[in-house]
Every structure is written in C-alpha cells, then in structure tokens.
Amino acid sequence: MPGICTGRVVAVTGAGRGLGRAHALALAAEGAQVVVNDLGVAADGAGASSGPAQHVVDAIRARGGRAVRHTGDITTTDGAASLVATALDTYGRLDALVNNAGFLRDRMLVNLDEDDWDAVVRVHLKGHFLPLKHAAAHWRAEAKAGRTPDARVVNTSSGAGLLGSVGQGNYSAAKAGILGLTLVAAAELARYGVQVNALAPAARTRMTERTFGGTMAAPTDGTFDAMAPENVSPLVVWLSSAASAGVTGRVFEAEAGRITVMEGWHPGPTADKGARWTPAEAGETARELLAGARAPQPVYGTQ
C-alpha cells in the first residue's frame with residue numbers, strides 16, 4: 001500500500017545521523033523522495049564529510065526508496081538555496097522541509113566563549129531560518145503562479161528551549177528562538193499553503209548521549225527502547241504529509257511512546273492598579289501574585 005508521503009518530496013537537514021537519519025528513513029518508508037542533507041561534521045561542529053549523508057541515501061535506495069545527497073552548509077545563503085535547488089532539480093518539486101541540523105558546545109555561562117555561542121546559535125537558529133526562507137520563497141512563487149502548494153515545515157526545538165538547560169545557554173537560547181520563528185512563519189506563510197510546526201524531541205543522539213548518557217542507553221534485555229530516535233519519526237512523517245491538514249503553529253514534545261501538545265505561555269495571576277506602581281508596591285504585588293501562581297518546572301540539568 002502507498003505510504004502517507006507517497007509522491008511528496010521532503011528535504012531533511014542534519015539527516016546523516018541520529019534523529020535526522022531516522023526521519024529520512026521513515027519518510028522514505030512512507031513513500032517520500034528525500035533530500036538527505038548533512039555536512040558530516042563532528043559532534044562539536046568540526047570537520048566535514050560526505051559519508052554520513054551518502055550512507056543514508058544508500059540505505060534508502062537499498063530498501064527501494066528514492067533519495068539524493070546534499071552536503072551543502074545550510075547556515076549559508078548558498079548552501080540553503082542549493083538545498084531547495086537540489087529538490088527541484090532532482091524531483092521537480094519540494095513539499096516539506098524538516099529542519100534538524102545541529103551540534104553542541106556546552107559550557108556554563110561564565111566559561112562560554114563568544115565563538116561557542118555564535119557557532120551553536122548559527123547552526124541551530126540560522127540553520128533553521130535560511131532553509132525556511134528559501135523554501136518559503138519557492139512556495140510563495142508557486143502560490144502566486146496559481147499553484148498553491150500543500151507544503152509543510154517541521155522545525156526542531158528541544159526541552160532545553162522550552163525550559164532551559166544548565167550548561168547549555170547557547171543551545172537553549174537557539175532552541176527557544178526556533179519556537180518564536182515557528183510561530184511567525186506559521187502566521188506569515190499560511191496564505192501560501194504552508195504549515196509550520198515545531199517538535200521538541202527526546203531521543204538518543206550524539207548530542208544527548210554526551211549530556212544525558214546515563215538515561216539514554218539502549219536496554220539490553222529486549223524491552224522497549226524508549227530513547228531510540230525512531231520513536232520520534234512517526235510524528236515528523238505525519239506532520240510532513242498532507243494528512244496533517246489544518247495543523248500549524250503548534251509545538252509538540254515527542255519521547256518514547258508519548259506525544260504532548262505544548263501550550264506555551266499563558267497569562268497567570270494579574271493585578272491592575274489603574275495607575276503607576278511605586279517600586280515597593282510593585283514588589284509587594286509581585287510576591288502576592290507569585291504566591292498564587294504555579295511553580296515553574298525544573299530546569300534541565302538540575303536536581
């Protein structure tokens with residue numbers, strides 16, 4: 001039977017390993033033609049190799065699917081533009097973009113170098129913005145030409161972006177930025193037939209194994225591997241498909257067998273004096289409001 005992505009062309013960034021690899025394989029298994037992007041860098045962003053992307057392409061083709069390799073740097077204008085061009089030149093269309101590429105350079109804030117801040121924000125946040133920008137420009141042109149697409153974007157945030165994570169100020173800030181970018185893109189691109197959602201996955205990857213190694217290990221007794229990246233991919237496949245019609249501007253958490261719709265910031269207790277507060281009044285009122293507010297969730301990395 002045809003899969004839910006049959007006939008669709010999907011570009012996946014950071015698809016050489018971990019979550020991106022699992023997404024690419026799952027999309028292909030559901031009939032998608034996949035552009036497999038990966039620069040082949042180390043876990044901290046150093047170096048480059050075409051091997052990881054090619055290995056995924058080979059795996060998809062060995063299973064009877066269709067895939068093409070892209071090893072451009074999607075944090076550059078040329079690299080992001082060429083990702084879209086590869087889809088169009090190879091398959092004649094682009095239906096979905098899964099932004100997933102990233103790496104870590106963890107440090108406590110007082111030890112975090114400016115270069116490590118810039119590198120992580122660049123790959124995660126700019127690495128979402130540029131592919132999204134070029135894909136959106138293509139879809140807008142299609143819509144203006146009377147060929148309104150049924151397009152999808154799936155962005156990758158993190159629990160660190162939702163709650164913060166000790167030792168990951170750069171990563172948490174970038175992942176929080178992706179959430180804001182998702183909401184803006186969903187609002188701006190709806191008129192062109194584009195739906196934009198974000199995912200905060202929890203799974204075993206090179207990044208999480210370094211940070212949360214003790215909780216990420218695969219079981220050895222044959223029980224359900226809760227942290228396998230393949231557990232997250234079914235939701236990505238559905239969000240990339242036409243079956244997800246009407247779902248946009250949403251943030252999901254996905255871990256093991258659990259899917260959660262995140263509801264974001266909502267107003268809590270409020271006080272209105274109807275005039276300007278004095279600092280003492282503002283402080284007293286703030287404490288009264290906090291007493292009636294829900295306690296914040298714990299920040300990742302704390303006990």
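In which sense, left-handed or right-handed, does α3 pass α4? The crossing of α3 over α4 is right-handed. This is a predicted model.

**α3 against α4**
- α3 spans residues 77–91, and α4 spans residues 114–144.
- Their axes lie 8 Å apart, and the packing angle is about 45 degrees.
- That angle makes α3 oblique to α4.
- On the α3 side, the contact is made by Thr77, Ala80, Ala81, Leu83, Val84 and Leu88.
- On the α4 side, the partners are Leu130, Pro131, His134, Ala135 and His138.
- By class, this contact holds 8 nonpolar residues, 3 polar ones and no charged ones.

**α4 against α6**
- α6 covers residues 169–189, and its axis comes within 8 Å of the α4 axis.
- The two axes cross at roughly 15 degrees.
- α4 is therefore roughly parallel to α6, as angles under 35 degrees count as such.
- The crossing of α4 and α6 is right-handed.
- α4 contributes Asp116, Trp117, Val120, Val121, His124, Leu125, His128, Phe129, Leu132 and Ala136.
- α6 contributes Gly169, Asn170, Tyr171, Ala173, Ala174, Lys175, Gly177, Ile178, Leu181, Ala185 and Leu189.
- The class count for the α4 and α6 contact is 14 nonpolar, 5 polar and 2 charged residues.

- α9 runs over residues 233–240.
- Of its 8 residues, 6 are buried, so α9 is largely enclosed by the rest of the structure.
- The buried residues are Ser233, Leu235, Val236, Val237, Leu239 and Ser240.
- Their cover includes the helix α1 (18–29).
- Strands also take part in that cover, among them β4, β5 (151–156), β6 (194–202), β7 (251–255) and β8 (258–262).
- The axes of α1 and α9 come within 9 Å and cross at roughly 55 degrees.
- The pair is therefore oblique.
- α1 passes α9 in a right-handed crossing.
- Leu19, Ala22, His23, Ala26 and Leu27 of α1 meet Ser233, Val236, Val237 and Ser240 of α9.
- That contact divides into 6 nonpolar residues, 3 polar residues and no charged residues.

**Asp95, a buried loop residue**
- Asp95 sits in the loop between α3 and β4 (96–98).
- Its relative accessible area is 4%, so Asp95 is buried; the cut-off is under 20%.
- A polar atom of the Asp95 side chain lies 2.8 Å from the backbone nitrogen of Val9.
- The Asp95 side chain also makes a polar contact with the side chain of Arg93, at 2.7 Å.
- Beyond neighbours within four places in sequence, Asp95 is in contact with Gly7, Arg8, Val9, Trp139, Asp150, Ala151 and Arg152.

**Gly72 and Leu39, two loop residues in contact**
- Gly72 is in the loop between β3 (66–70) and α3.
- Leu39 is in the loop between β2 (33–37) and α2 (51–62).
- Setting aside neighbours within four places in sequence, Gly72 is in contact with Asn37 and Leu39.
- The C-alpha atoms of Leu39 and Gly72 are separated by 6.3 Å, with the two residues 33 apart along the chain.
- Leu39 counts as partly exposed, because its relative accessibility is 30%.
- Gly72 and Ala198 are 126 residues apart in sequence, and their C-alpha atoms are 23 Å apart.

**Ala256, a backbone point**
- Ala256 lies in the loop between β7 and β8.
- Its phi is near 55 degrees, a positive value in a residue other than glycine.
- For context, most residues other than glycine have a negative phi.

- Arg294 belongs to the segment after α10 (279–291).
- Arg294 counts as exposed, because its relative accessibility is 81% and the cut-off is over 50%.
- The C-alpha atoms of Arg294 and Gly268 are 8.2 Å apart, and the two residues are 26 apart along the chain.

Conventions. Residues are numbered from 1 along each chain as its sequence is written. This is a predicted model: local features need pLDDT of at least 70, side-chain atom pairs count only at pLDDT 80 or more; totals for chains, interfaces and linings use all residues. Side-chain values use heavy atoms; hydrogens and water are left out. Helices (H or I, at least four residues) and strands (E, at least two) are DSSP runs, numbered from the N terminus. Buried means under 20% relative accessible area, exposed over 50%, partly exposed in between (1.4 Å probe, protein chains only). A polar contact is a pair of N or O atoms within 3.5 Å; within protein, one must be able to donate a hydrogen and the other to accept it, and residues adjacent in sequence count only if both atoms are side-chain atoms. Contact means heavy atoms within 4.5 Å. Axes are lines fitted to C-alpha atoms, for helices over the stretch in contact, and angles run from 0 to 180 degrees between N-to-C directions. Angles under 35 degrees count as roughly parallel, over 145 as roughly antiparallel, 65 to 115 as roughly perpendicular and the rest as oblique. A crossing is left-handed if the near helix is turned anticlockwise from the far one by less than a right angle, and right-handed if clockwise. Ala, Val, Leu, Ile, Met, Phe, Trp, Tyr, Cys and Pro count as nonpolar, Asp, Glu, Lys and Arg as charged, and the others, Gly among them, as polar.
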